[in-house]
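Subject: Structure handover

Hello,

Here is the structure we talked about. Please open it first, then read my notes below.

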Amino acid sequence: SRQPYSGLTLNNAEDVKLWSNVVAARYDDDYAFVQEVDSGEAAAVIAGGNNKACRGVVDINPTNFVQTVENLSICIPEAPSSPPSPAPKYVEVFCGDECHLIQWPYDMGPSYMPGSDGDVEQICADLCDERDCRAYSTQYDYRKNDGSRWCFFYKETAEPSPVSCASDPFNVGGCTYLTKEGRFFIRPEDRIQYNVLDIDPSS
């Protein structure tokens, strides 16, 4: 039959010092702390403290070395909390085949080959961080015609013109230009300020 020992057992042990153990037995009538000897009386624990039994029976000599507590959560360590994920510097806006905001002042940057040059979107993001830039797009490089992508950088220090392109520009006529395999990324705060919404495919 099953033995009622699912906690800490001192088996034929002498000169024991018992410090800082937190134990929850599997069942209420299992031993959380117990001393066992083959014959005679168990030797007293010679020193100890800060021992807690959250569930189960305590049979330790002397008994004052173990404290019985009612709160089972004391015996269940808290999982380490994960650090919050950093907020993204740029968020992508779906732009279909019109990913260039032609009425937003911009600089045309270099082009890169995906794969051999690395992650083009990340390269453009890093370059945007280093310059006058609130948003960027990646667009197919027609000059090379080998799959390379341009970086376009939309200036932080200049406002869209005309003013009609300063709100929801992907859904306002005359604000965009056709692109091939384009993607558009913008800082979250600027997306809010300029109400930059995904393009409506039905419009």
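Phe152 counts as buried, at 6% relative accessibility. Buried means under 20% relative accessible area, exposed means over 50%, and partly exposed lies in between (1.4 Å probe, protein chains only). Trp150 is buried too, with a relative accessible area of 9%.

A word on the source. This is a predicted model, so local features need pLDDT of at least 70 and side-chain atom pairs count only at pLDDT 80 or more, while totals for chains, interfaces and linings use all residues. Residues are numbered from 1 along each chain as its sequence is written, and side-chain values use heavy atoms, with hydrogens and water left out.

Aromatic rings

Rings of Phe, Tyr and Trp (its six-membered ring) pair if their centres lie within 6.5 Å; planes under 30 degrees apart are stacked, over 60 edge-to-face, and the rest tilted. The count comes to 10 aromatic pairs. In one of them, the ring centres of Tyr140 and Tyr142 are 5.5 Å apart and the planes stand at 70 degrees, so this pair is edge-to-face. Tyr140 is buried, at 9% relative accessible area. Trp150 and Phe152 also form an edge-to-face pair, with 6.0 Å centre to centre and 90 degrees between the planes. Both belong to one aromatic cluster, made up of Tyr106, Trp150, Phe152, Tyr154, Phe170 and Phe184.

The open sheet

Helices (H or I, at least four residues) and strands (E, at least two) are DSSP runs, numbered from the N terminus. Two strands pair if DSSP finds at least two bridges between them. Three strands form an open sheet in the order S1-S4-S7, with parallel pairing. S1 (5–11) and S7 (57–59) are the edges: each has a single partner strand, so one side of each has no neighbour in the sheet. S4 (residues 31–36) pairs with S7 over three bridges. Tyr31 stands opposite Val57 in S7.

The largest pocket

A pocket is found on a 1 Å grid over the protein atoms alone, as an open set of points with protein on both sides within 12 Å along at least five of seven lines; lining residues have an atom within 4 Å of a point. Which helix gives the most to the lining of the largest pocket? H1 does, with five residues. H1 (120–129) and strand S15 (183–186) each supply at least two lining residues. Among the lining residues are Pro88, Lys89, Tyr90, Asp126, Tyr136 and Arg183.

Most residues other than glycine have a negative phi, and most peptide bonds are trans. The following sites are worth a look.

- The peptide bond from Asn61 to Pro62 is cis, with omega near 0 degrees. Pro62 lies in the loop between S7 and strand S8 (66–68).
- Ser161 and Pro162 are joined by a cis peptide bond, with omega about 10 degrees. Pro162 is in the loop between strand S13 (149–154) and strand S14 (176–177).
- Asp168 has a positive phi, near 50 degrees. Asp168 sits in the loop between S13 and S14 and is buried, at 17% relative accessible area.
- Asn195 has a positive phi, near 50 degrees. Asn195 is in the segment after helix H2 (188–193) and counts as partly exposed, at 33% relative accessibility.

Best wishes

Conventions:
1 Å grid on protein atoms, 1.4 Å probe; cavity = no way out; pocket = protein on both sides within 12 Å on 5 of 7 lines; lining within 4 Å.
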